[in-house]
Structure formats: structure tokens, C-alpha cells
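Work through these exercises with the model on screen. Try each task before you read its solution.

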Amino acid sequence: MPIAGIYGPADFGNPVHGHPPVPAQSISPADRARALPTPSLEWTPEVERATAHLYDRVRNVISPVEWPFMAPYVKAINELKKTRGAVILAHNYQTPEIFHCVADIGGDSLQLAIEATKVKADIIVQCGVHFMAETSKILNPHKTVLIPDSRAGCSLASSITGADVRLLRERFPGVPVVAYVNTSADVKAEVDICCTSSNAVEVVESLNAPTVIFVPDQYLAKYVASKTSVKIIAWKGACEVHERFTGDELRAYREADPSVQIIAHPECPPDVLAEADFTGSTAHMINWVRSKHPRRVVMITECSMADNVQAELPDVEMVRPCNLCPHMKRITLPRILDSLIYLREEVTVDPLIAEKARRSVERMINLKN
């Protein structure tokens, strides 16, 4: 059904707001005191031999010219994470040299949230954006969680605050609130349950309520509303990557090649989803390509994911409408290496907020697990 209503900060008399970017931290004396020696980053025959099996995973998306610059970092990171007893979690939007060559666990937001609860290592390095690192910390309060660059934010997470959720509850008393996992810890602490794009409809219907507040992605909210009889009250947030796609753009791809298959993420606007052959979460899109094995496919999402799928399925031609997430791309091999050498940048969450946020995240995870 249509969205029952859509609200934003201006509707409560507030200016448009967001979380200010976190400044990059300088290396403190304490950081230096616990630092490990900086490894050599030269391209040598030893590095070439040690990383050859990893380059085999990405050779069809990373050129032989680029690899000598990446391989020393890959080798150093893989050695340092063992020394530190660390595990690296990477989102599907990370670049192939990170996702396929240094990550221990890769996946979408739901997969990473679930896997974060199973991690045995004392140190988690989150290769993604800040809300993902916060989620790992919420689920692992006694572990050290690092993010290679704390400036890696998210337009969705910055579109709403915990105070906004409280105002929504005042406006709609008794209506349960679902938060997309792409939100800050203070928002998660104010809602009833979290969701991801892969389980949003299931989460909304699990509340057995006639009306549900769904924050902060207005386009995902519209998609959910089209799949359920539950009335959805939405928030005026959007992903700056997915909202840039247009239906006209997709029609142009199909006109150029009528046989091309188009799959889209539900964070895209409705006119984009109307043109797609399949709509699904990050994980569902990947599984669709694996099972259908199309000759040519357009993945309407962050374009590094197409590279990561291409590395796995080299015979599927990826047509890349390349919208990059500027926040995800702050995470680089040098930043990951720096994080492991100096144990920076550590993510912390206020224990009182974390305890409340943990309930909404665990409720999502335990819905099926």
C-alpha cells in the first residue's frame, strides 16, 4: 500500500541535521607505545610468491600493473592480523583487494551483524562505514573494535538521531518503530527492532501491528509498503549512492542491449525498481547472479560490489553504472595496515546506549537465528 506518511527534521521544527564527520585522529604517544614495527612495503619475489594465490582471486578485476602496489600491503596486513589476533570484517562494497584478499569475513549488513556475534578474536577490524563498526561494538562490548578511518560515515545514518525517534514516538504514540541497520547507536537504542534490506518486510510484519514507523530510508520504506498491508510511516532519509540512479538510465541500458538483465537494490527510487528485472538486498542480488548466471547484468548498487561478484564469476559480464560510496572508499589497504600497527581508530559506544541498542539488534538477529 502507499506510504501513510513521511517525515523529516523540518516537520518537528528542526533544521536538517546530521552527525558531524569525525576528524581523523593523529597518532598519539599511547598509540605509538603499543605500535608494532612498520613492515616493508617493497614489491619483491617473496611478496609475489606469498600473494600469488590471492591475486588469482582478483586477477580479472585488478590489473597486473596495479597488483605490485597492493600486494605488499596485502601480505603485511595478513601477517599483522595474525600477530594481533585480529579478524577483519568487510562489507560487499569494499574494493576487491580488501574484500577478497585481506578480509576474513565478508557480506552484507545482516551477515556481518550475525558473524560479529560469533567472532572469537579479541580485535575486530571493521572494513565498512562507522555504523557497522558501532554495531560490531554493540554486539561485542568487551572486544576492541577498530575502523581504519572513523570519517567513513553514511548519509542514511546522518539523516536521523535518537531525538528524532523520540519525537516520532510522541507524534504517533503506541506505534512500533523499525530502524534500518544503517543508523547510529543512539537511534538503535530508541527503536523496537532493527532490520536490513534483506529482512525488512519480515521484520515489519513480525510486529503484528497495523501501522509501523520505518526509519530512515524513504525508498526502502516505499518498497516495504509495496510488499505488505501494514501502513508505513517513513522518514526522509536516502542513500546518496542509490538515490542517484534513475529509471531513464536503466531504460537506456535496456535499449542498448534488450537481453541485459537489470537487478536493483531497494534503496533505489521507485522508478528505478519499476525498470528492474529483480529487486533485492545485497546478499539477494549476489545469490540471484550466482543462480541465474546471466550473460550480461547491470547491478544497480555501489559499483565495487559488481567487481567483487565479477572476481567470483568471471564469465558473467558486469555492466557497471559506477556510483561509488565516498565513505566506503575511505577504507583502504594503507588505512587497514595503519589500524593494525597502531590499533587505531577504536570505536566506543556509551554503555547505557549500547545496552539499549543491543536489544533492537539482537531482536533482529534472533528473528530467524
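**Exercise 1.** Sort the lining of the second largest pocket by residue class.

Solution. The lining has ten nonpolar, eight polar and four charged residues. Here Ala, Val, Leu, Ile, Met, Phe, Trp, Tyr, Cys and Pro count as nonpolar, Asp, Glu, Lys and Arg as charged, and the others, Gly among them, as polar. Next, find the centre: of the 22 lining residues, Leu110, Ser198, Asn199, Glu202 and His284 lie nearest to it.

The model is predicted: local features need pLDDT of at least 70, side-chain atom pairs count only at pLDDT 80 or more, and totals for chains, interfaces and linings use all residues. Residues are numbered from 1 along each chain as its sequence is written, and side-chain values use heavy atoms, with hydrogens and water left out.

**Exercise 2.** Locate the residues that UniProt lists under "binding site".

Solution. The unreviewed UniProt entry places this feature at Cys154, Cys239 and Cys325. UniProt positions follow the numbering used here, feature names are shortened, and annotations may be inferred rather than shown by experiment. The three span 172 residues in sequence, yet no two of their C-alpha atoms are more than 9.2 Å apart, so they gather at one spot.

**Exercise 3.** Is Cys154 buried or exposed?

Solution. Cys154 has 17% relative accessibility, so Cys154 counts as buried. The cut-offs are under 20% relative accessible area for buried, over 50% for exposed, and partly exposed in between (1.4 Å probe, protein chains only). Now do Cys325: at 11%, Cys325 is buried too.

**Exercise 4.** Which residues does Cys325 touch, not counting those up to four places away in sequence?

Solution. Cys325 touches Val241 and Glu302. Contact means heavy atoms within 4.5 Å.

How values were computed. 1 Å grid on protein atoms, 1.4 Å probe; cavity = no way out; pocket = protein on both sides within 12 Å on 5 of 7 lines; lining within 4 Å.
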